[in-house]
Amino acid sequence: MVHVLLNQVDPVRLARKGEKLEGALPLQNFLRLAELLLDNTGVADCALQFTLDNRYRPLVQGSVKAELVMECQRCLGSMSVLIHEQFCLMPVTSTAALKEVPEAYDGIVLSANGQLSLHNLIEEELLLGIPLVVKHPEMCVKIVGDEDGSTKKS
Ligand SMILES: [Zn+2]
């Protein structure tokens with residue numbers, strides 16, 4: 001059974017407790033990504049570890065895996081693109097605080113009530129993971145139309 005993650009989490013609280021979240025987010029939640037997909041019925045598998053750094057600042061380390069069905073830019077046929085992104089983020093409470101984020105991490109600004117949107121985070125990572133050019137790796141397979149003229153009966 002797929003465990004669907006909540007969208008909004010409190011990363012500071014989770015980091016103090018050293019929590020780990022694992023689960024899935026349905027691809028159909030991602031509206032920006034949806035424009036690029038031929039099929040959005042799948043899920044993104046996510047794993048997130050919340051920790052504190054040596055100065056007690058929250059960190060979110062994680063990974064996301066998804067198989068995206070996209071259009072080949074050469075033959076316009078469908079192809080699946082495997083995305084596997086890893087990230088290490090430091091949540092901060094304001095854009096000004098982004099300047100204090102160490103170089104090893106990417107800063108992410110929390111909403112005014114201190115919440116982190118996992119939807120936005122994961123969608124952003126998936127978008128980053130999509131190759132610039134989406135093409136079948138070697139030859140494009142000629143698309144054969146479905147010929148369901150006669151259904152076989154025994
Ligand atoms: Zn192709």
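Tyr-56 counts as exposed, with 8 C-beta neighbours inside 10 Å, since a residue with 12 or fewer such neighbours falls in that class. The place of Tyr-56 is the loop between strand 3 and strand 4. This residue belongs to a predicted model, in which the chain has three helices and seven strands. Five of the strands form an open sheet with mixed pairing, and helix 3 packs on that sheet.

- Most residues other than glycine have a negative phi.
- Tyr-56 has a phi near 60°, a positive value in a residue other than glycine.
- Strand 3 and strand 4 form a hairpin with five residues between them, and Tyr-56 is in its turn.
- Leu-76 likewise has a positive phi, near 65°, and is not a glycine.
- The loop between strand 4 and strand 5 is the place of Leu-76, and the hairpin of these two strands has six residues between them.
- Leu-76 is exposed, with 9 other C-beta atoms within 10 Å.

**Confidence in the model**

- The average pLDDT of the chain is 90, and 91% of the residues score at least 70.
- Residues 146–154 have a pLDDT below 50, and this stretch has zero contacts in the model beyond near neighbours in sequence.

**Overall layout of the chain**

- Read from the N terminus, the elements follow the order β-α-β-α-β-β-β-β-β-α.
- The radius of gyration is 20 Å, well over the 15 Å that the globule rule gives for 154 residues, so the chain is more spread out than a compact globule.
- Along the principal axes, the C-alpha atoms fill a box of roughly 70 × 35 × 25 Å.
- Of the 154 residues, 19% count as buried.
- Among contacts with a separation of 6 or more, 54% join residues 24 or more positions apart.

**The sheet and its pairings**

- Strands pair in a sheet through backbone hydrogen bonds, either parallel or antiparallel.
- The order of the five strands in the open sheet is 2-3-4-5-6.
- Strand 2 (20–26) and strand 6 (106–109) stand at the edges, and each has a single partner strand, so one side of each lacks a neighbour in the sheet.
- Neighbouring strands are turned by 35° against each other on average, direction ignored.
- Strand 2 and strand 3 (residues 43–52) run antiparallel and are joined by seven bridges; Ala-24 has Asp-45 in strand 3 as its bridge partner.
- Strand 3 and strand 4 are also antiparallel, with nine bridges between them, and here Asp-45 stands opposite Lys-65 in strand 4.
- Asp-45 therefore has a bridge partner in Ala-24 and stands opposite Lys-65, while a strand of the sheet may pair through backbone hydrogen bonds in either sense.- Strand 4 and strand 5 run antiparallel and are joined by 12 bridges.
- Glu-71 stands opposite Ser-78 in strand 5, and Val-60 has Leu-89 in strand 5 as its bridge partner.
- Strand 5 and strand 6 pair in the parallel sense over four bridges, and Pro-91 has Ile-108 in strand 6 as its bridge partner.

**Helix 3 on the sheet**

- Helix 3 covers residues 118–129 and touches strand 2, strand 3, strand 4 (58–71), strand 5 (78–92) and strand 6.
- The direction of helix 3 makes about 125° with that of strand 5.

**The nonpolar core**

- In soluble globular proteins, nonpolar side chains tend to be buried together.
- The largest nonpolar core holds 23 residues, of which Ala-44, Ile-122 and Leu-126 touch the most other members.
- Helix 1 (11–17), strand 3, strand 4, strand 5 and helix 3 are the elements that give two or more residues to this core.
- Which residues is Ala-44 in contact with, leaving aside its neighbours within four places in sequence? They are Ala-24, Leu-25, Leu-27, Val-64, Ala-66, Ile-122 and Leu-126.

Terms used: Residues numbered from 1 in each chain as written. Predicted model: local features only at pLDDT ≥ 70, side-chain atom pairs only at ≥ 80, totals over all residues. pLDDT = per-residue confidence, 0-100. Contact = placed C-beta atoms within 7 Å. Pairing = 2+ DSSP bridges. Axes fitted to C-alpha atoms, helices over the stretch in contact; angles between N-to-C directions. Rg over C-alpha atoms; globule rule 2.2 N^0.38 Å. Buried ≥ 20, exposed ≤ 12 C-beta atoms within 10 Å, placed from the backbone. Core = buried A, V, L, I, M, F, W, Y, C linked by C-beta atoms within 7 Å.
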